[in-house]
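Please read this briefing beside the sequence and the 3D view, and follow each residue as it comes up.

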Amino acid sequence: MSKISRRKFVISGLAAAAGISGVGVAANLSKRYGLVPPDSGGIYGPGETLTYAAQRLLARHSLAREFPRTMISTVPFANDISPLNDDFKRLQSGGFSDWRLVIDGMVARPTSLSLGDLKSFPVKSQITEVVCEEGWSYVAEWIGTPLPEVLKACGILPQARYLVYFSIDPDWWESIDLNDAQHPQTLLSWGMNEGDLPVPFGGPLRLRVPRQLGYKSVKFVNRLMLTDSLNGFDSAVDPKSPNYGYAWYAGI
């Protein structure tokens with residue numbers, strides 16, 4: 001079966017399953033074709049699966065809206081936060097010269113990059129909107145290194161399926177699939193609005209995932225880990241869900 005006919009078959013099957021037997025049957029069909037998100041269990045699981053599967057089938061390569069410079073929001077922006085801990089303050093006092101981004105897990109070439117190293121990669125800017133689950137939003141210019149460039153340099157192993165990314169705060173982490181990790185708009189942002197990325201908005205480094213809600217764009221990122229599964233990951237890192245009840249896939 002060709003890729004096109006397979007896609008039409010799966011889309012038709014999902015629609016039929018949702019219409020005839022409900023989202024439960026659609027979820028089973030999604031599992032058969034590898035379209036099941038990590039939060040597919042529980043009472044909301046079938047709905048989460050249908051949402052994720054539909055997005056991956058219908059809008060896998062879609063772009064987040066980019067805005068003209070005239071629409072950049074004026075200060076104050078929402079959701080700024082104070083520096084996190086003593087380790088962060090020490091790095092900040094040194095101008096973040098010792099800040100490192102570690103890339104490990106299922107990569108051929110694990111590495112550690114300084115901000116200078118990141119800036120030696122191709123640079124991209126985008127004017128996109130941060131949209132929060134709680135209702136607020138703002139538009140800003142984000143400047144940085146496209147994440148796909150860094151992952152390509154490290155060599156993603158074939159079995160990798162997810163990217164887990166960590167803040168300097170050990171209890172703050174998130175994850176996305178490789179489709180979003182390798183999307184051209186996913187950005188390791190070290191600049192904002194023609195300047196350095198301010199600390200209250202995630203400086204020196206924030207992972208911007210503009211196709212998903214704001215809580216997926218973690219601030220103060222210092223580690224990226226490639227993995228083939230998120231099973232058991234919660235208990236290994238933090239007893240609480242990193243999303244505090246939010247959906248794993250948070251597409252806009």
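**Briefing on the predicted model**

An open sheet of five strands has the order 2-1-10-5-6 and mixed pairing, where two strands pair if DSSP finds at least two bridges between them, and where strands (E, at least two residues) and helices (H or I, at least four) are DSSP runs numbered from the N terminus. This is a predicted model, in which local features need pLDDT of at least 70 and side-chain atom pairs count only at pLDDT 80 or more, while totals for chains, interfaces and linings use all residues. Residues are numbered from 1 along each chain as its sequence is written, and side-chain values use heavy atoms, with hydrogens and water left out.

- Strand 5 (residues 162–167) and strand 6 run antiparallel and are joined by five bridges, and Val164 stands opposite Ser175 in strand 6.
- Phe166 has its place in strand 5 and counts as buried at 10% relative accessibility, where buried means under 20% relative accessible area, exposed over 50% and partly exposed in between (1.4 Å probe, protein chains only).
- Although Phe166 and Leu207 are 41 residues apart in sequence, their C-alpha atoms are 9.7 Å apart in space.

**Aromatic side chains**

- Rings of Phe, Tyr and Trp (its six-membered ring) pair if their centres lie within 6.5 Å, and planes under 30 degrees apart count as stacked, over 60 as edge-to-face and the rest as tilted; by this rule the count comes to twelve aromatic pairs.
- Phe77 and Tyr138 form a tilted pair, with 4.9 Å from centre to centre and 35° between the planes.
- Because Phe77 lies in the loop between helix 3 (45–58) and helix 4 (86–93), and Tyr138 in strand 4 (residues 137–146), this pair ties together parts that are 61 residues apart in sequence.
- Both Phe77 and Tyr138 are buried, with Phe77 at 11% relative accessibility.
- Phe77 also forms an edge-to-face pair with Phe201, at 5.7 Å centre to centre and 85° between the planes.
- Phe201 lies in the loop between strand 8 (195–196) and strand 9 (206–208), so its pairing with Phe77, in the loop between helix 3 and helix 4, ties together parts that are 124 residues apart in sequence.
- Phe201 is buried, with a relative accessible area of 10%.
- One aromatic cluster is formed by Phe88, Phe96, Trp99, Trp172 and Phe220.
- The charged end of Lys119 sits over the ring of Trp190, 5.0 Å from its centre, a description that requires NZ of Lys or CZ of Arg within 6 Å of the ring centre and within 35 degrees of the ring normal.

**Helix 6 and the cysteines**

- The buried residues of helix 6 (residues 147–154) are Leu147, Val150, Leu151 and Cys154.
- Seen down the axis of helix 6, these buried residues fall within an arc of 95°, so they line one face of the helix; the arc is that of the directions from the helix axis to the C-beta atoms.
- Just after helix 6, Gly155 takes a positive phi of about 80°.
- Cys154 counts as buried at 4% relative accessibility, and Cys132 counts as buried at 17%.
- The structure holds zero disulfides, a disulfide being a pair of cysteine sulfur atoms within 2.5 Å.
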